[in-house]
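Me: I am new to this structure and would like a close look at one part of it.

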Amino acid sequence: AFQATDQHRQSCQVVVLRATFEIGTNGSLQISNNQEANVLNDEFFGEPNKSSVRQESDLVPYKPKCDIIVNATAYAPGGRPALGFVVGVRVNGTPGKRGGPGPVVLDKKLVVTGKRYWEKGFRGRWKLKPPTAPNISLPLRYEYAFGGECRIDLEDPDGQRVDAAFHLTEEQRACHPDGPDSAPIAHTVCKANPVGMGFAEQWYLDAKQVKKFPAPRIDSPDNPVALPGETYVPQGYGIISKTWKNRLKLAGTYDDAWHEKRFPYLPEDFDSAFWNGAHPDMQIPHLAGNEAITLTNLTPEGTLTFRLPGQTPLVRALHANGSSESHPALLDTLIIEPDLMKVSLVWRAMLPDFPDRTLVEARSTL
C-alpha cells in the first residue's frame, strides 16, 4: 500500500496485490509456491532504457484499462523451420450461462519472419527481399520490430558525407546523453521504438553508402512493412517504454509554467492512460476473472490455453470510530511468460484518503 496524488491534487491510498501462478500441463493455473514480490522498479531484458522492458513497477495509482503483457518466444509450427509464420494471443471473456467460450475481447496476431533485408537495386530503387533463411524461433521483443536509430559518430570517416543540415546543433550536443564532447555528428531515432530495426533516413543511407539494411522481423499481418523510409507502428506483445513517443505524449506538459505553479505535482494535462504500459492493441477493459487465454505458436507445442481464476480480492478499510468500507480490487495487469509457464496477476484498489483510518486489509480465496 502507498499514498498517491493525481493530476487534480487529490490524494488517495493505493493497495496493490500481485499473485503468481504456474501453468499446468493440462492448462490449469495453480497458485505458485514461489510468489513474486511486488515490482518496485522497472525491469529490462538488457541494459536499462536501451532494451525492451520486461515488466514495470507496480507503484502505479490507477490504470484505466487492463494491460495484457506476453513476454514470449515465437516458435515455428511443428518445430519445422519456416521463412515466416503467424503467432497469436486471444482473450475470451467470461462464459455465459450456457457455457462455451465467452466473447472475444482481444485477438492480436503477428507475423514472424527469418532474417530479411531491404536491398538497393536498379536505378537506386529499394526492394524488400524475402527472408534469406528459415527461422525456428525468435524472442518477441521490440528489438526485432520496426524502429531503431541512425547515428554517425565523430570518429566515423563517413561523417564527412553527412550534409551540414543534419548535424546536431550545439544545443542538441549539449543535451545529448553522451555529453557534448562525445555526442555524434548526426543522430536521429525512431521515437516510437528506439531499440528496433528497419528505421533508416536518407541522409544516413547516403553517408554510409548503404546498399542493404535489415528489415523488421516482427510485423503486422494487416499493415506489413513494405517501403523503406515510411513510418510503421512497432508490433509486439510487450511493454511500450514510458520514454517512447506514443506513450510519453500522455504524460502532460512540463514547462516553465508547470515548474512555477504545479511542481512537484503532475501537470493538469496528464492523462491517466500513461500508466498503461502494454501495446495499445493489448489494452482491454478490466478483467473480471474466468477469462480464457489462448496462445498460438508461443510454445513449442503450438497451442496453450488456460483460464484465469474467478476470485476477486477484496480490500477492507477500518476507521477509528469502528466503521468500515470495502473496495473491490481491479485486475489491471496480466503478465504471461509461457517460456517459464508462469502467469502474474496484479489487482489494484484506490481508497479515499481518510486520516482516521486505522487498518487496511486485503483478502482473497485464491
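Where is Tyr 62 found? Please go on from there to the pockets.

Reply: This is a predicted model, in which local features need pLDDT of at least 70, side-chain atom pairs count only at pLDDT 80 or more, and totals for chains, interfaces and linings use all residues. Residues are numbered from 1 along each chain as its sequence is written, and side-chain values use heavy atoms, without hydrogens and water.

Tyr 62 sits in the loop between strand E5 (53-55) and strand E6 (66-70) (strands are DSSP runs of at least two residues, helices of at least four). Tyr 62 counts as partly exposed because its relative accessibility is 32% (buried is under 20%, exposed over 50%, with a 1.4 Å probe and protein chains only).

Turning to the pockets, the largest pocket holds about 850 Å³ of space (a pocket is an open set of points on a 1 Å grid where a 1.4 Å probe fits, with protein on both sides within 12 Å along at least five of seven lines; lining residues have an atom within 4 Å of a point). Its lining has 23 residues, and Glu 149, Pro 177, His 187, Val 189 and Pro 194 lie nearest the centre. Strand E14 (149-152), helix H1 (170-175), strand E15 (186-189) and helix H3 (245-248) each give at least two lining residues. E15 has the largest share, with three residues. By class, this lining of the largest pocket is made up of nine nonpolar, eight polar and six charged residues.

The second largest pocket holds about 300 Å³ of space. Of its 16 lining residues, Asn 246, Ala 278, His 279, Pro 280 and Gln 283 are the closest to its centre.

Methods: Grid points are joined across faces, edges and corners, and a volume is the space filled by probe spheres set on the points. Ala, Val, Leu, Ile, Met, Phe, Trp, Tyr, Cys and Pro count as nonpolar, Asp, Glu, Lys and Arg as charged, and the others, Gly among them, as polar.
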